[in-house]
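Take a look at the fold below. Start with the overall outline, then follow the strands one by one.

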Amino acid sequence: SGSINTNGTNVGGTLTSSNGSISLTGGTIGGLVQSNCCTVTSNNSNLQNGARANSSSLSITGGTLAGDFYAGNNSATFTNVTMTGGTVTGASTISMTGSQVGSAGSSITLTSNSGAITLDNSTVYGALTAPNYSTVNVNSPSKVYGTCLPNSTPANACTSSPVTACFNDDFNRSSLGDDWATSTSGGTFGLPVVVANRMRLTNSAGNVATAATLQRLFPAADN
């Protein structure tokens, strides 16, 4: 087929062009997006099963991505995307701008063929590999939790994944204390209290509404 253009279209299956470019705007594509000859461009589309530009470049802006992305020894450019899983391979260079790539529980593989991998204002969890003569550019405030081969610029910019932090309160005291702000908006129970090392929000009566809010800061970034 020739060029494929969509606008706000939801496609459950694949999109394949043998001799034309593919341009997507909005919508969701459930299957693989593939052009055998030409560019694949996506703007704010959710690509659930990857995209391939077998002999040209990828240009992906916005949207939630998953699956394998391939650019036939051409550039692969991602801007303001959220990539939840998969790989980027086959590209001459890879650039990520304003993007969230992977997570602590889902590692992403980025591999460039002939040039650098460049991150601008992006966070990546995974394994980033450029050619031996090139580098992984981690431009501040970008972060990489994983590995950068053969090296990163600046040096040592890639670190192991952060340890997830959870808030815990054993309520081993007689009152909630200053860490908690409590309120009530209905019923006769009153305010939340500590009973037997637990926070009790209500009793067994009906139409009771209370609230308790933690008033302390704890780190949320990357957790």
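Buried means under 20% relative accessible area, exposed over 50%, and partly exposed in between (1.4 Å probe, protein chains only). Helices (H or I, at least four residues) and strands (E, at least two) are DSSP runs, numbered from the N terminus. Strand β7 (residues 40-43) has a covered face, V40 and S42. Its uncovered face holds T41 and N43.

Some ground rules apply. This is a predicted model, in which local features need pLDDT of at least 70, side-chain atom pairs count only at pLDDT 80 or more, and totals for chains, interfaces and linings use all residues. Residues are numbered from 1 along each chain as its sequence is written, and side-chain values use heavy atoms, with hydrogens and water left out.

Now the whole chain. The protein has zero helices and 26 strands. Its C-alpha atoms fill a box of roughly 70 × 45 × 20 Å, taken along the principal axes. The radius of gyration is 24 Å, whereas a compact globule of 223 residues would have one near 17 Å. That radius is taken over C-alpha atoms, and the globule rule is 2.2 Å times the number of residues to the power 0.38. Of the 223 residues, 37% count as buried. Contact means heavy atoms within 4.5 Å. Among contacts between residues at least 6 apart in sequence, 10% join residues at least 24 apart.

Next, the sheet. Two strands pair if DSSP finds at least two bridges between them. Nine strands form an open sheet in the order β1-β4-β7-β10-β12-β14-β17-β19-β21, with parallel pairing. β1 (4-7) and β21 (152-153) stand at the edges with a single partner strand each, so one side of each is left without a neighbour in the sheet. Two bridges join β21 to strand β19 (residues 136-139) in parallel. There, N137 stands opposite T153.

Return to β7. Strand β4 (residues 22-25) pairs with β7 in the parallel sense over four bridges, and T25 stands opposite N43. Four bridges also join β7 to strand β10 (residues 58-61), again in parallel. In β10, S59 is the bridge partner of T41.

What lies inside? A nonpolar core is a set of buried Ala, Val, Leu, Ile, Met, Phe, Trp, Tyr and Cys residues joined through side-chain atoms within 4.5 Å. The largest has 37 residues. Those with the most contacts inside it are L47, F69, F78, V88, L110 and L128. Leaving aside its neighbours within four places in sequence, L128 is in contact with L110, I117, L119, V136, V144, T147, C148 and L149.
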